[in-house]
Amino acid sequence: MKLLYIGIKFYDYHIKVRNAFEDLGYKVDFVSISCDGLRNSFMRKIKRDFLEKFYSSIEAKILESCVNQNYDVIFVHQGWQLSVDFFKTMKAQNKGTFIVNYHWDSIRAHNYLFIVDYFDKVYSYDPVDCRTYAKIFYL
């Protein structure tokens, strides 16, 4: 079974998540959507166009790497950073693939409602979000 893991690098959580999927028998491809480093952290705060170019290049890389991969699952950790056009294209390119979204931030911190419809299942750690929005499930 093949899984594409699109997510952020946060301490070593992304490694633990990847290892957990591998323990379940998945061959995992990981693509980071993190804007890492001190310089990038500074740029995030002052340069919106930098971020748009950064995420646009990440989106192109992901879409290109998905072609003919026949993933069983695409797991997106966060995703609010990426565009609706990206998710529309990803879903169209991967018909029959189960696409899952997981957030450990509440909608108040990062509103991701604009991407919910592009996933087969959306999970959150925030019980308030899960009670408020019918398409978001507690995990």
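1. How many bridges join strand β1 to β3, and in which sense do they run? The model is a predicted one, in which local features need pLDDT of at least 70 and side-chain atom pairs count only at pLDDT 80 or more, while totals for chains, interfaces and linings use all residues. Residues are numbered from 1 along each chain as its sequence is written, and side-chain values use heavy atoms, with hydrogens and water left out.

2. Strand β1 (residues 2–7) runs parallel to β3 and is joined to it by four bridges, with Leu 4 having Ile 74 as its bridge partner in β3. Strands here are DSSP runs of E of at least two residues, and helices are runs of H or I of at least four, numbered from the N terminus; two strands pair if DSSP finds at least two bridges between them.

3. Strand β4 (residues 98–103) also pairs with β3 in the parallel sense, over five bridges, and Tyr 102 of β4 is the bridge partner of His 77.

4. Strand β3 (residues 73–77) is largely enclosed by the rest of the structure, because five of its five residues are buried (under 20% relative accessible area, 1.4 Å probe, protein chains only; exposed is over 50%, partly exposed in between). Val 73, Phe 75 and His 77 point one way, and Ile 74 and Val 76 the other.

5. Tyr 13, in helix α1 (residues 13–23), counts as partly exposed because its relative accessibility is 38%.
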